[in-house]
Amino acid sequence: MSGKNTVQQPGAGAKTGLHISRRAFLGAGLAVGGGLLLTLRFAEKASADDATIAAYIKIAPDGIVTLTAKNPEIGQGMKTTLPMLIADELDVEWKNVRVEQAMLDPIYGAQFAGGSLGTPLNWIPMQRVGAAGREMLIGAAASTWGVPRAQCEASKGVVRHRPSGRTLTYGALASKAASLSAPDLDSVALKKPEQYTIIGKFTGGIDSPSVLEGEPLFGIDTRLPGMSYAVYEKSPVFGSRAVRANIGEIKALPGIRDAFILHATERDAAVRMGLVDGVAIIADKWWDAQKALQKLRVEWEPRSVKGQSTPAFEREAARLAGDAPQSVIRRDGDFHAAIARAAKVVEASYSYPFLAHATLEPMNCTAHVKADGSVEIWAPTQNPGPGAKLVARTLGIDAGRIRVHMTRVGGGFGRRLNNDYMVEAAMIARHAGRPVKLLWNRPQDIQHDSYRPAGFHRFKAGLDASGRPIAFRDHFITFGQSGQVASSAGLPRNHFPAGYVPSLEFVQSLIQLDMPTGPMRNPGGNALAFAFESFIDELAHAGGRDPLELRLALYGPPRVLPAPPRQFGMTIPPFDTGRARGVLELVADKSGWARRSALPAGTGMGLAFYYSHFGYVAEVVKASVKPDGTPQVHKIWAAVDIGRQIINPAGAYNQAQGAILDGLGQALHLNITVQDGRVVQSNLNTYRLLRIDEAPPVEVHFLRSDNDPTGLGEPALPPVLPALCNALYIATGKRIRSLPIDPRLLRST
Amino acid sequence: MRFSILVNGTRRTVEEEADTPLLWVLRDDLHLVGTKFGCGIAACGACTVHLNGVPARACVTPISAVGDAPIVTIEGIGESDWGRKVKAAWLELDVMQCGYCQAGQVMTATALLTKNPRPTDADIDEAMRGNICRCATYTRIRAAIKRAAGLPTADTREQRP
């Protein structure tokens with residue numbers, strides 16, 4: 001899967017691309033208190049009128065360097081990674097670097113955490129900022145000494161004049177450098193990889209010590225003078241109107257300051273993750289508000305929930321799968337003619353459930369609507385820009401009057417690309433006339449998510465006599481609203497094996513869905529990989545071919561396919577079959593794939609490959625089952641190609657291992673079901689996240705191909721799901737075609 | 001009601017309802033926000049503190065049940081020898097991603113090592129399975145516990161299934 005699905009993140013739209021297509025200009029000035037303030041300006045042209053300037057580097061006279069991290073930190077490590085890029089080129093020591101989280105501000109361009117885009121969008125621009133700073137400091141030293149700048153070099157925050165051995169620290173040079181004009185960013189020379197001093201080094205998270213001191217970093221930790229606390233109760237049936245509530249009784253409860261009903265201001269707010277109807281309770285302490293919920297009685301306007309249940313979805317999917325599809329996504333060759341001449345035909349139906357994100361920090365936001373109408377917000381959000389716009393629209397104010405502080409985020413996974421909690425906090429705070437911290441309880445969090453969409457696939461494929469697929473069809477039954485595919489519920493037209501099987505059809509039918517869906521870590525891929533890579537495995541076995549060898553044969557000889565069209569001003573890297581081959585062969589080598597027949601009976605190895613977010617990942621799972629059918633994962637191997645440079649190995653291995661275990665948890669346990677328009681699960685006892693005793697060893701290998709580095713928050717997740725199911729097939733002879741895995745299907749009979 | 005509790009070695013007095021969970025006393029009355037709210041039903045471990053040296057879920061521990069039991073939170077755990085070692089190992093191995101669960105992880109890991117300074121993988125599973133890490137940093141949590149204990153950190157479980 002490529003381009004289309006990976007960059008269509010909310011908020012990653014037009015502005016994201018601007019970072020690449022716009023030119024960047026550098027400016028310099030004196031920092032408050034002395035020293036260099038190096039600024040980066042993104043502009044279409046170097047005119048003064050659109051001169052929006054962002055401060056990225058501050059060098060104090062004592063040599064302490066403060067770097068700005070522009071994107072939210074959600075655990076993906078960007079608050080550490082982006083400053084590492086600047087610091088290395090600037091030639092300062094990491095121990096002298098301090099990092100400040102930026103506010104939401106148009107001067108930074110797009111500020112978001114999504115699509116694994118932090119690295120590809122910022123890899124070059126951040127290095128250039130650092131390199132330009134270094135050039136200016138060298139220039140300042142050369143002019144101080146009256147020597148040619150070519151005789152000067154920088155290292156560890158010190159400029160040295162080679163012939164004389166004289167040195168000046170950055171701290172001493174900073175004010176002088178600030179008076180120099182900044183070099184052209186496009187022409188600054190960047191280091192060669194062998195010159196890196198920080199990039200590629202194991203670098204701990206910049207905020208980790210503070211987290212372990214219990215310092216207030218997360219959104220939930222926000223505290224303002226005079227602040228109240230709030231809860232907001234919404235209808236369990238998505239988007240129902242609040243008719244009335246026992247407001248008087250609630251207001252009389254101890255510690256309660258106020259209670260009131262809020263109404264949605266926009267149509268379809270429930271599926272669009274805007275403000276929906278609910279009852280706000282404001283208290284001096286959050287626990288008082290939470291306790292009052294037990295006494296709250298709300299009359300919700302009944303709305304039709306016909307067909308809005310998991311069993312009804314399943315029945316509808318089965319019915320639609322047997323009918324003609326509603327639309328065609330892609331059609332190559334002549335599927336029906338090809339299937340008619342196939343030596344073997346394979347058919348299978350796959351399905352997977354809705355999922356909740358269940359970030360461990362529940363949704364929360366602190367807001368203050370001031371007397372002058374301006375708004376200040378402290379939000380754990382992945383996507384503050386659209387959040388501010390949503391608040392502006394809902395409150396009817398100018399977005400320029402909203403200031404958003406990006407707090408540390410206790411887990412994103414795509415949930416916080418939506419900003420429903422932000423607009424709730426702002427509306428409640430406006431009503432309260434004082435700062436309010438809104439905090440959802442866990443049932444509210446699980447039952448008011450933007451869910452990973454469920455889906456159903458009716459596959460049919462034909463093999464030739466050699467076992468190679470010559471015909472492939474997927475009738476994808478997905479969800480939508482009024483004939484439009486729901487958020488993150490689409491099948492990209494270039495999804496594998498499209499392009500590799502001459503006669504292929506991707507067709508689609510929609511089930512009406514009245515609840516919100518949205519991106520979840522590796523949107524599309526987290527579901528589609530399971531279905532497609534499991535079915536490819538079925539085809540390999542049906543055709544008597546090694547699943548590794550069949551994949552290598554399908555991708556064919558190493559070559560770079562035609563580049564997809566530019567999207568949002570971004571160049572989308574072309575797919576390189578050689579990189580796919582590279583990780584497949586590497587994971588086979590590391591896992592001992594060729595020797596798998598020597599494994600004891602009842603133990604199997606499964607393999608899968610997935611391309612997403614510009615990353616190439618192949619994984620092998622070794623697994624068996626207990627007598628009761630419970631899967632036992634012995635070990636997972638991953639081979640990952642995200643380019644030539646791992647910027648921070650500390651974060652990279654952690655992201656890959658975590659993503660793989662995240663996927664494993666989805667395969668084993670995670671399941672959101674719907675009954676009469678409401679989500680059944682309500683807490684972490686019934687929505688069962690993976691625990692440490694279920695986490696097997698995960699061995700990750702990076703393949704350093706000569707390509708620009710790309711992101712790693714998402715690409716390692718999808719392959720583990722099909723790799724596990726493919727391993728269980730070898731171990732038990734039973735094929736898992738529905739998630740989560742039902743151990744009863746794997747029991748020895 | 002007025003309650004007097006001993007938190008990280010300091011006597012604190014709070015005015016609270018008897019059924020208010022210790023979690024909200026720590027977070028909203030005493031502004032010790034390192035202890036986190038995750039589920040409210042003792043299912044995730046984000047709110048783990050030590051009560052009399054034993055891990056307890058602050059989200060389901062009413063303030064009235066605390067009595068004279070000394071409470072230690074993430075803000076105070078570094079005062080103990082094991083707490084200091086665990087935190088150091090956590091930073092050395094860069095365990096955390098989002099970090100939201102990690103205070104609870106560190107509290108449970110410290111209690112484990114205090115009781116059992118050379119835990120096996122099975123001991124780690126048993127002690128730590130109540131603490132969810134949504135980022136699934138379990139590989140490094142396991143390694144960091146072993147590092148704090150001075151044990152080899154390589155994951156050798158596959159060799160002895």
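The model is predicted, so local features need pLDDT of at least 70 and side-chain atom pairs count only at pLDDT 80 or more, while totals for chains, interfaces and linings use all residues. Residues are numbered from 1 along each chain as its sequence is written, and chains are lettered from A, with ligands numbered from 1, in the order in which they are written.

**Where the chains meet**

Let's start with chains A and B: 48 residues of chain A are in contact with 49 residues of chain B (contact means C-beta atoms, placed from the backbone, within 7 Å). On the chain A side, four elements each supply at least two residues: α6 (208–212), α9 (286–292), β26 (631–641) and α18 (649–668). Helices here are DSSP runs of H or I with at least four residues, strands are E runs of at least two, and both are numbered from the N terminus. The top contributor is α18(A), with 7 residues. By class, this side of chain A has 22 nonpolar, 16 polar and 10 charged residues; Ala, Val, Leu, Ile, Met, Phe, Trp, Tyr, Cys and Pro count as nonpolar, Asp, Glu, Lys and Arg as charged, and the others, Gly among them, as polar.

**A sheet in chain A**

β26(A) also turns up in an open, mixed sheet of 4 strands, ordered β24-β25-β26-β29. Strands pair if DSSP finds at least two bridges between them. At the edges sit β24 (603–612) and β29 (698–702) of chain A, each pairing on one side only. Neighbouring strands are turned by 15 degrees against each other on average, direction ignored. Helix α19 (720–732) of chain A packs on this sheet, touching β24, β25 and β26, and its direction makes about 155 degrees with that of β24(A). Axes are lines fitted to C-alpha atoms, for helices over the stretch in contact, and angles run from 0 to 180 degrees between N-to-C directions.

Zooming in, β24(A) pairs with β25(A) (615–625) in the antiparallel sense over 10 bridges. Within that pair, G604(A) stands opposite A623(A).

Definitions and conventions: Two residues are in contact if their C-beta atoms, placed from the backbone, lie within 7 Å.
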